[in-house]
Amino acid sequence: MSDFEKLGVVIKYEFLKHIRRARLYIILGIALLAEALVLILVPTLMTGGFPDNVKVMAALLTVGPSMAALGAVFFAGDAIAGEYESKTGFLLFTNPIKRILLWSGKYLAGFIAIALLMIFTYIIIAISLLAIYQEVPIEIFKSFGLALFYAAATLSTTFFFSALSKGSMGATIMTLVFVWVICGILESVLALTGNPYWYVLSAGGDSIALVYGGMEQMMSGFGGGFGGGSDMLNMFKSPTLGMAAWGMTIYFVGGFIASIFLAKRRQLS
Amino acid sequence: MGDSIVIENLSRYYGKFLALDNLSLRVPEKENIGLLGPNGAGKSTTLKILCGLIQPTSGKAYIDGIDVVAHPEQALSRIGAIIETPEFYSFLTPVDTLNYFGQLRGMKGEPLNKRVKELIALVGLEKWSKEKIGKFSRGMKQRLGLAQTLLHDPPVLILDEPSLGLDPRGVVEFREIIKGAGKEKTVFFASHQLVEVTQICSKVAIINNGKLLAYDSITELEKKYQTLELAYLKLTGGV
């Protein structure tokens, strides 16, 4: 039996685990709820209903896929740590398969699950935009590609913490703190001090919306911006999409390689 | 006939604790050997090294002549193992689980389906075959563990306390299955249940503090120490 066939078997059963777990549907629910909130709150709170520019609304609706991408944390938190913590590794590791194939299969199964969530959230975005504006901006494909890339980077980062951590919960919390708190603070500080921040993971997340235009364009879509706040916004120099993609590549490749290295050193004693 | 399992000068440290101290042992093909010793004697460590779960600090271990550390995949393809109380993915059913592990071992199609059905019947899990394992008791998991051990009809069985958590009927059924399998296979079997070992194995290895204290047939040990229990107690320092 070839390694490729074994990888296929791991993906198949790991994916089966994902679709049988409630967390997939909870994350999908949260992502759809986020999109629903945008669709309800924007016309309610804005005078004149939805923004005139379809791209502004498309950018706002990317909150759904962004939430779905963070689902990676919940799919992958137990990918490596769980095998040791729940001792399922005592059975899995006695099978004649290279560990790298096991981890790669788990990674790909998680990625497929997130990609499905993404596709679903983007379909909702497209339908909503068609219903409201009778058009869908072509940038939606770029946004979708970057969202998948961001999910892959987040998945790799979670794998890294899962390989490092003793337990699944620890891995999940560490990743959430890293992505939401540490990266968030770092990005804000770097942006406000005029420094480049393309290499911060959350900048990759921002790029999902920035394909529709810069921060300034977004704010003008709301009818003139936020008064004095627009001075502050001018200080933000959003990274180019290319730079944001490079930043995500670091986490995607680096996180995965580091997780494989760490997991290889772990033993089930 | 050659040796199915060869352990040569195996040592293993956990930090500063020496769990295995230059252990050497040979398990001949198609023999059923019990591995006895008190808690912390090094039994599980030995079996985990044989199953590629941990690496030895020094020494070698071979399954059917294949170095477990150098060629783990080839060595693992020759064994079926239960180490500790088996834990399964709670979202899969026994049928899913056996299909998963069977496919990882290159089994597929109708022969795999037939084998899965056969084994589920053998371990008495027919009623539960399509239920998620998350609902299973320890004994049911142990039964499923035995099924996955036999799934690919391996020539070598490595079992660590396989009847732990089973009810008395389960223990008897389990013993009969292992005894049946042991006629055609090599069984290396760690247990605290001396009665069980006596009924399944012809020979035992007694270890303590990671060292081999005795390796002989049960008959010989009984001649020397009156009973296997006394042999165990005297050798491990209990009497």
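A: Happy to! This is a predicted model. Let's begin with H10(A) and H13(A), which pack with their axes 8 Å apart, at an angle of about 140°.

Q: How many residues of helix H10 of chain A are buried?
A: Helix H10 of chain A (residues 201-210) has 10 of its 10 residues buried, so the rest of the structure largely encloses it. Among those buried residues are A:Asp206, A:Ser202 and A:Ile208.

Q: What covers the buried residues of H10(A)?
A: The cover includes five helices of chain A: helix H3 (54-61), helix H4 (63-76), helix H8 (139-164), helix H9 (168-192) and helix H13 (241-265).

Q: Staying with helix H13, where is A:Phe256?
A: A:Phe256 is part of helix H13 of chain A.

Q: Is A:Phe256 buried or exposed?
A: A:Phe256 has 21 other C-beta atoms within 10 Å, and the cut-off for buried is 20 or more, so A:Phe256 is buried.

Q: What is A:Phe256 in contact with, leaving aside its neighbours within four places in sequence?
A: With those neighbours left out, A:Phe256 contacts A:Tyr107, A:Ser156 and A:Phe159. There is also a C-alpha separation of 9.9 Å between A:Phe256 and A:Ala163, which are 93 residues apart along the chain.

Q: Zooming out, how many helices and strands are in chain A?
A: Chain A has 13 helices and 0 strands. Its C-alpha atoms fill a box of roughly 65 × 40 × 30 Å along the principal axes.

Q: How does the radius of gyration of chain A compare with a compact globule?
A: A compact globule of 269 residues would have a radius of gyration near 18 Å, and chain A has 20 Å, which agrees. In chain A, 48% of the 269 residues count as buried.

Q: Of the contacts in chain A between residues at least 6 apart in sequence, what percentage join residues at least 24 apart?
A: That share is 82%.

Q: Next pair: how do helix H2 and helix H7 of chain A pack?
A: Helix H2 (residues 22-45) of chain A packs against helix H7 (residues 99-133) of chain A at an angle of about 20°, and their axes are 11 Å apart. That makes H2(A) roughly parallel to H7(A), as the angle is under 35 degrees. Their crossing is right-handed.

Q: Which residues make the contact of H2(A) and H7(A)?
A: On H2(A) they include A:Leu24, A:Ile27, A:Leu28 and A:Glu35, and on H7(A) they include A:Leu117, A:Phe120, A:Ile124 and A:Ser128. Counted by class, the contact of H2(A) with H7(A) has 11 nonpolar, 2 polar and 1 charged residues.

Q: Now chain B. How many residues of chain A are in contact with chain B?
A: 22 residues of chain A contact 27 residues of chain B. On the side of chain A that touches chain B, H1(A) gives the largest share, 6 residues. That side of chain A divides into 10 nonpolar, 6 polar and 6 charged residues.

Q: Last one: at what angle do helix H3 and helix H4 of chain B pack?
A: Helix H3 (residues 94-104) of chain B and helix H4 (residues 109-122) of chain B pack at about 130°, with their axes 10 Å apart. H3(B) and H4(B) are therefore oblique to each other, and their crossing is right-handed. Contact residues include B:Pro94, B:Leu98 and B:Gly102 of H3(B), and B:Leu112, B:Arg115 and B:Ile120 of H4(B). The contact of H3(B) with H4(B) divides into 7 nonpolar, 2 polar and 1 charged residues.

Terms used. Residues numbered from 1 in each chain as written. Chains lettered and ligands numbered in written order. Predicted model: local features only at pLDDT ≥ 70, side-chain atom pairs only at ≥ 80, totals over all residues. Axes fitted to C-alpha atoms, helices over the stretch in contact; angles between N-to-C directions. Helix = DSSP H or I, 4+ residues; strand = E, 2+ residues; numbered from the N terminus. Parallel < 35°, antiparallel > 145°, perpendicular 65-115°, else oblique. Left-handed = near helix turned anticlockwise from the far one by under 90°. Contact = placed C-beta atoms within 7 Å. Nonpolar A, V, L, I, M, F, W, Y, C, P; charged D, E, K, R; others polar. Buried ≥ 20, exposed ≤ 12 C-beta atoms within 10 Å, placed from the backbone. Rg over C-alpha atoms; globule rule 2.2 N^0.38 Å.
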